[in-house]
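Biologist: Could we go through this model together? I would like to begin with how the chains meet.

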Amino acid sequence: MFDKKPHDYVLASYLAGLAVESILQALALQNGSAHDAKHSLPNWLSKCPSALHDSVKGSAEWNEVVALWDNGLRYLSFDGLLGYFRKKGYGKGMKGGVESIVRGVTKNLVDAAEMVHKKGLAVWLSSTKK
Amino acid sequence: MAQLHKKIIRLLRPHLKDLQDALEDLPGGRVSGVIVSSAFNSMSHQLRQDKLIRILKDGLTDDELSALGAIAALTPAEVTVKAI
């Protein structure tokens with residue numbers, strides 16, 4: 001979606017955050033929390049074990065995912081995604097055309113989400129070891 | 001609002017313009033969530049976290065710091081702009 005043509009930055013952005021939401025939900029539910037239909041990453045993290053809090057505390061990646069991801073990203077067009085990033089204040093100072101801007105911001109979001117997801121997965125794996 | 005939560009906001013307010021508090025009090029006395037300030041405009045995510053930690057390390061005890069959860073530091077635009 002991100003590296004292979006045709007690039008789908010909307011789907012890459014959406015799925016990056018969805019992966020984070022999924023691991024947070026898994027940890028929260030395992031921790032005894034009830035499911036709810038909201039998509040707030042900080043709220044889901046608040047229901048997770050303290051080991052994950054300690055792991056993402058002070059992390060730029062967590063900050064970036066919370067700042068940029070939205071469950072409604074999947075409904076956007078390419079132009080919609082560009083407008084969304086710009087309204088949030090992203091892409092300023094990035095060189096190149098609009099695709100370069102969307103690609104750059106999307107890459108940062110995907111990288112940040114990957115890092116947070118790995119931390120969540122590490123907590124999950126350590127909690128399910130027998 | 002729990003004691004630690006109040007203390008965090010009291011420490012941050014003088015340093016962060018237009019501070020909005022969206023922190024949560026969690027079981028066990030832990031505090032995590034989101035804070036919003038225009039002071040974070042044009043700051044990288046790492047710089048925001050560095051700023052937060054610097055302020056809080058100066059004002060919280062070791063026990064209070066260990067009860068601190070993840071705090072996302074956002075700009076007003078990051079909070080208000082929604083995808084749809």
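This is a predicted model: local features need pLDDT of at least 70, side-chain atom pairs count only at pLDDT 80 or more; totals for chains, interfaces and linings use all residues.

Biologist: Noted. At what angle do the axes of α4(A) and α2(B) cross?

Modeller: They cross at roughly 115 degrees, and the two axes come within 8 Å. Helix α2 of chain B covers residues 45-59.

Biologist: Is that crossing of α4(A) and α2(B) left-handed or right-handed?

Modeller: The crossing is right-handed.

Biologist: Which residues make the contact?

Modeller: From α4(A) there are A60(A), N63(A) and E64(A), and α2(B) brings H45(B), Q46(B), R48(B) and Q49(B). By class, this helix pair has four polar, two charged and one nonpolar residue in contact.

Biologist: Now the whole interface. How many residues does each chain put into the contact?

Modeller: Chain A gives 24 residues and chain B gives 25 residues. On the chain A side, α2 (41-46), α3 (50-56), α4 (60-68) and α5 (78-88) each supply at least two residues. The largest share of that side, six residues, is from α4(A).

Biologist: What is the make-up of the chain A side by class?

Modeller: The side of chain A that touches chain B has eleven nonpolar, eight polar and five charged residues.

Biologist: Let us turn to a single position there. What does G89(A) touch?

Modeller: Apart from residues up to four places away in sequence, G89(A) touches N41(B), T75(B) and A77(B). G89(A) is in the loop between α5 and α6 (98-128) of chain A. It counts as partly exposed because it has 16 C-beta neighbours inside 10 Å.

Biologist: And L74(B), where is that?

Modeller: L74(B) lies in strand β3 of chain B, residues 68-74.

Biologist: Why does L74(B) count as buried?

Modeller: L74(B) counts as buried because it has 24 C-beta neighbours inside 10 Å, and the cut-off for a buried residue is 20 or more. Leaving out residues up to four places away in sequence, L74(B) touches V66(A) and A67(A) in chain A, together with V34(B), V36(B), F40(B) and V79(B) in chain B. L74(B) and S38(B) are 36 residues apart in sequence, with their C-alpha atoms 8.3 Å apart.

Biologist: Which residues touch the most other members of the largest nonpolar core?

Modeller: They are L24(A), V65(A), L109(A) and A72(B), in a core of 56 residues. Helix α1 of chain A, residues 9-30, gives the most to this core, with ten residues.

Biologist: What is V65(A) in contact with?

Modeller: Setting aside neighbours within four places in sequence, V65(A) is in contact with G17(A), V20(A), L41(A), L109(A), A112(A), A113(A) and V116(A).

Biologist: Finally, chain B as a whole. What pattern does it follow along the sequence?

Modeller: Chain B follows α-β-β-α-α-β-α, with four helices and three strands. Its C-alpha trace spans about 40 × 25 × 20 Å along the principal axes.

Biologist: What percentage of the residues of chain B count as buried?

Modeller: Of its 84 residues, 33% count as buried. Among contacts in chain B between residues at least 6 apart in sequence, 52% join residues at least 24 apart.

Terms used. Residues are numbered from 1 along each chain as its sequence is written. Chains are lettered from A and ligands numbered from 1 in the order in which they are written. Two residues are in contact if their C-beta atoms, placed from the backbone, lie within 7 Å. Ala, Val, Leu, Ile, Met, Phe, Trp, Tyr, Cys and Pro count as nonpolar, Asp, Glu, Lys and Arg as charged, and the others, Gly among them, as polar. A residue is buried if 20 or more other C-beta atoms lie within 10 Å of its own, exposed if 12 or fewer, and partly exposed in between; C-beta atoms are placed from the backbone. Axes are lines fitted to C-alpha atoms, for helices over the stretch in contact, and angles run from 0 to 180 degrees between N-to-C directions. A crossing is left-handed if the near helix is turned anticlockwise from the far one by less than a right angle, and right-handed if clockwise. A nonpolar core is a set of buried Ala, Val, Leu, Ile, Met, Phe, Trp, Tyr and Cys residues joined through C-beta atoms within 7 Å.
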